[in-house]
Every structure is written in C-alpha cells, then in structure tokens.
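Please look at the sequence and the model together while I go through a few selected places.

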Amino acid sequence: MNAVVEHSIAVDAMGGDFGPSVVVHGALRALPQLPEDTRIIFFGDRDIIVREMEKAGVETSRVEVVHASQNIDMHESPASAVRKKRESSIVLAAHALRLGQADAFVSAGSTGAVVAANLLHVGRLPGVSRPAIATYCPTLKGTTLFIDVGANSDSKAEHLVQFAAMGRIYAEKILGRKDPKVGLLNIGEEPSKGSELYQAAHKKLAELEPNFVGNVESTAVFAGKAEVVVTDGFVGNILLKSVEGFAGFLLATIRHEIQQSIRARLGGFMLKRRLRTIFEGFDYVQYGGAPLLGCKGISIICHGKSNEAAIANAVLLASRAVQEKLGDLISAELEREGIAESRSSSASNGSSLQREGLHG
C-alpha cells in the first residue's frame with residue numbers, strides 16, 4: 001500500500017447486509033463532496049470491488065483497493081474472529097488505521113468485530129479507559145446524542161464520566177451544539193435513584209462534568225432535556241433498539257390505519273410530507289453511522305441495513321471528524337478536566353476485550 005500523503009478513509013466493502021454492491025457505490029457517492037486531498041481505500045474481495053467500481057464508471061487516483069481474503073460474519077464471536085481472521089476486511093482496515101495508512105475507518109459489518117479490531121489493532125486514545133459508541137435520537141428540541149450504546153456491557157462510574165466528556169466534545173465539535181447539556185439516563189431525577197453504578201456515576205458527574213444537568217428519565221429524553229445522554233452500553237443498546245423498534249411499529253401502524261378508508265387515505269395524503277419529516281428523525285440514513293469514540297483514529301459504525309445514502313453520509317462524517325482532529329480534542333479535554341486515565345492504571349487492550357461488550 002502506498003504511503004498516505006494527506007487523508008485516507010478506509011471502507012470495509014464487505015460489511016453490511018447488502019455487501020459491496022451498496023457499500024462501494026455509497027462510498028463513491030461521497031467522493032465528490034470530500035476534500036480534494038482525501039482518498040478512499042476499499043478493503044475486501046478485490047475482484048468484486050473492482051467490478052462494482054466499473055459499474056459506477058469510476059476511474060480515479062483517489063480510490064485504492066486492498067484485497068482481503070477473509071470476511072467476519074455477524075454471527076461470529078467478535079474477539080475470536082478478529083484474532084483468527086487476520087486477513088479479513090475489518091482487521092486489515094483497522095491495521096491500516098494503526099499504521100497511519102488511513103485516518104478513518106467506516107464499516108457496516110459486525111459492531112463487536114469493529115470494536116474488537118480497534119482495541120486489538122488500533123488502541124485507545126491517551127487517557128481513555130474505555131471506548132464508547134455514540135448515536136442519535138430525535139427530540140422535541142432537535143437531536144440528542146446517546147453514549148454508550150453497545151461497546152461495553154459492564155462499566156464503572158468513572159467510565160461514564162469519560163463517556164459524558166467524549167459525548168459533549170462530539171456534540172459540540174461535530175454536531176455544532178454550543179455548551180451541550182449532559183444528562184445521566186436513570187429511573188428517576190433524584191440523585192439517590194438507580195443502581196449503585198448510577199448513584200456513583202451521578203455523584204462523579206456532579207463533581208466533574210461542567211455541563212451536567214442531573215438524571216434524565218427516558219420520558220424526558222424525547223423532550224430534549226439534555227443534548228447528551230450518558231448510559232452504560234447494556235442499557236444504551238436496549239434503549240437504542242427499543243427506539244428503533246417503536247419507530248418502525250408506529251410507522252407500520254399509521255400506514256395500516258391510512259388504508260382503512262377513503263377519508264383516512266385523504267388525510268394521510270395531506271399529512272404525507274409532515275409525517276415523512278417526523279420519521280426522518282429516526283432514520284439512521286441521514287446520520288450515516290455511529291462514531292466509536294475513545295480509540296485512536298476515527299471509526300464510524302454503520303447500521304447493517306445501510307443503503308448507499310447511509311454509507312455516503314458515514315464517509316462524509318468520518319472525513320469531518322478527521323478534519324476537526326476529534327481524537328486530539330478528546331484526549332486534551334480529558335487531561336484538562338482531570339479525568340484522563342493515568343498510564344499506571346491503564347489496562348492492556350487485550351485484557352479490555354474481556355470486560356467490554358463487543359456485541360454484534
């Protein structure tokens with residue numbers, strides 16, 4: 001692989017439910033909108049990728065293909081697959097990130113495998129104890145960022161404090177929110193509510209997080225009480241999938257009811273544009289993907305069902321995070337606020353795999 005002169009974005013061409021036919025075309029859609037000094041590097045089956053590029057009619061020096069002879073399936077154990085399948089598209093892309101041959105990594109493949117590959121081959125940012133996945137949810141006041149939604153199945157209070165800081169930095173620098181409010185997802189507003197983990201997290205956040213507004217109940221999330229909502233990965237993943245599931249249920253119910261009478265169909269037609277706007281807020285396509293915060297380099301994890309538009313938006317999101325030097329900002333802020341993990345207490349990335357969720 002040639003040495004990178006400017007910026008390169010590694011794309012796992014084999015990831016996602018639809019594979020290269022969608023991923024390659026989606027990433028190429030983003031190319032004209034990327035800075036001229038930014039390239040795309042596809043990782044996967046070379047023959048398939050080249051064939052898809054030919055279909056798209058793209059011949060450019062800004063695209064490179066790195067052959068990967070293996071692929072990690074969704075049903076495989078993430079940590080085990082990453083260790084065994086060293087020639088997989090996910091592992092090779094993560095390795096390129098580690099060597100500085102790529103500045104960002106985009107994948108619609110196994111979430112757990114992407115997290116594991118980052119921990120094993122890329123490593124955490126200085127001062128970060130655990131990486132965390134952040135994603136978005138529409139509210140009455142705009143968009144709220146959830147963190148963590150699946151990178152860790154078991155967290156400590158100090159981890160949630162770092163999640164809060166990383167989420168705040170991302171919301172401010174990437175989403176453009178000025179002084180975003182930070183809340184802790186809990187079963188009640190009182191500091192004494194919740195498990196020992198959440199009580200301890202509330203105490204630490206009240207002491208250390210400058211924008212902390214207290215506990216936020218799930219009902220208050222959609223009212224927009226906070227722009228960043230902190231939770232552990234287990235609860236966050238359940239919340240994320242519940243929101244996605246309910247949005248799908250609500251849309252299906254509305255469509256069914258509209259078909260029940262001519263009057264209902266007429267009303268549905270008149271409200272079609274407004275309904276589309278509402279449900280677009282729940283559509284992962286417009287956000288592109290969820291950033292894995294806390295690891296070196298930029299990693300964007302896309303939904304498995306991502307279409308071309310979602311992949312394109314994920315690539316653009318990765319490029320923006322690179323330009324903003326998001327990783328450097330996170331490390332500097334954790335150090336400035338005194339919540340960076342000390343080197344002496346830092347565990348190895350390998351042992352971290354035993355504690356972190358690594359869900360698919």
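I shall speak about a helix, a pair of strands, one serine and the cavities.

This is a predicted model, in which local features need pLDDT of at least 70 and side-chain atom pairs count only at pLDDT 80 or more, while totals for chains, interfaces and linings use all residues. Residues are numbered from 1 along each chain as its sequence is written, and side-chain values use heavy atoms, with hydrogens and water left out.

Let us begin with helix 6, residues 157–173. Helices here are DSSP runs of H or I with at least four residues, strands are runs of E with at least two, and both are numbered from the N terminus. Helix 6 has 17 residues and spans 25 Å from its first C-alpha to its last, close to the expected 24 Å at 1.5 Å a residue; the expected span is 1.5 Å times one less than the number of residues. Why can helix 6 be called largely enclosed by the rest of the structure? The reason is that 14 of its 17 residues are buried, where buried means under 20% relative accessible area, exposed over 50% and partly exposed in between, with a 1.4 Å probe and protein chains only.

Next comes strand 7, residues 182–185, which is covered on both faces. Val182 and Leu184 are buried on one side, and Gly183 and Leu185 are buried on the other. Strand 7 pairs with strand 8 (residues 212–216) in the parallel sense, over three bridges; pairing requires that DSSP finds at least two bridges between the strands. Within this pair, Val182 stands opposite Phe212.

Now consider Ser110, in the loop between strand 4 (104–107) and helix 5 (111–122). Ser110 counts as buried because its relative accessibility is 1%. A polar atom of the Ser110 side chain lies 3.1 Å from the backbone nitrogen of Ala113.

Finally, how many cavities of 30 Å³ or more does a search of the whole structure find? There are two. A cavity is a set of points on a 1 Å grid over the protein atoms alone where a 1.4 Å probe fits but cannot get out, and lining residues have an atom within 4 Å of a point. Points are joined across faces, edges and corners, and a volume is the space filled by probe spheres set on them. The largest cavity has a volume of about 80 Å³. It is lined by 15 residues, and those closest to its centre are Leu292, Leu293, Gly297, Ile298 and Leu326. The second largest cavity holds about 40 Å³, and its lining includes Ala108 and His303.

Definitions and conventions. A polar contact is a pair of N or O atoms within 3.5 Å; within protein, one must be able to donate a hydrogen and the other to accept it, and residues adjacent in sequence count only if both atoms are side-chain atoms. On a 1 Å grid over the protein atoms alone, a cavity is a set of points where a 1.4 Å probe fits but cannot get out, and a pocket is an open set with protein on both sides within 12 Å along at least five of seven lines; lining residues have an atom within 4 Å of a point.
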